Amino acid sequence: MYRITKEFHLSASHQLDHLPADHQCARLHGHNYVVVVELAAESLNDDGFVRDYHDLSPLKRYIDEALDHRHLNDVFGHSKVTSEFLARHFYDWCKPRFPETSSVRVSETPKTWAEYRP
């Protein structure tokens, strides 16, 4: 199995206001998110790639235009915008466009991340 990854960055705020008031994530706060998309294939295409990295440019545009420097609660219309939610959201966004998508990892900090891998 061949696997490739590409990393994307965004800065955004969120608030998990369904948590107890004394929980630090219940307050409005932001992250410099790192999104890592993994694509996998049993064989390489005619160009010798799983997929050309340039093909992932629509994801970069989506992140920049719809999510970067935004309040994610407003974007998604709810307050449960966790890294787990985002990992699944990005997977669901990528899979129809890039069928080789095998997982998505979303990091809130250098030491924490969530991953969605069906």
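This is a predicted model: local features need pLDDT of at least 70, side-chain atom pairs count only at pLDDT 80 or more; totals for chains, interfaces and linings use all residues.
Residues are numbered from 1 along each chain as its sequence is written, and side-chain values use heavy atoms, without hydrogens or water.

The protein contains three helices and four strands. These are DSSP runs numbered from the N terminus (helices: H or I, at least four residues; strands: E, at least two). Their order from the N terminus is β-β-α-α-α-β-β. The C-alpha atoms fill a box of roughly 55 × 25 × 25 Å along the principal axes. Contacts (heavy atoms within 4.5 Å) were also examined by separation. Of those with a separation of 6 or more, 64% join residues 24 or more positions apart.

Of the 118 residues, 42% are buried (under 20% relative accessible area, 1.4 Å probe, protein chains only). The largest nonpolar core has 27 residues. Such a core is a set of buried Ala, Val, Leu, Ile, Met, Phe, Trp, Tyr and Cys residues joined through side-chain atoms within 4.5 Å. At least two core residues come from each of E1 (2–14), E2 (29–41), H1 (57–67), H2 (72–76), H3 (83–97) and E3 (101–109). H3 gives the largest share, six residues. Leu 59 and Phe 90 have the most contacts inside the core. Beyond its neighbours within four places in sequence, Phe 90 touches Leu 10, Val 35, Leu 59, Tyr 62, Ile 63, Leu 67, Val 104 and Val 106.

The protein exposes about 7000 Å², of which carbon and sulfur atoms supply 49% (Shrake-Rupley method, 1.4 Å probe).

Note on methods. Buried means under 20% relative accessible area, exposed over 50%, partly exposed in between (1.4 Å probe, protein chains only).
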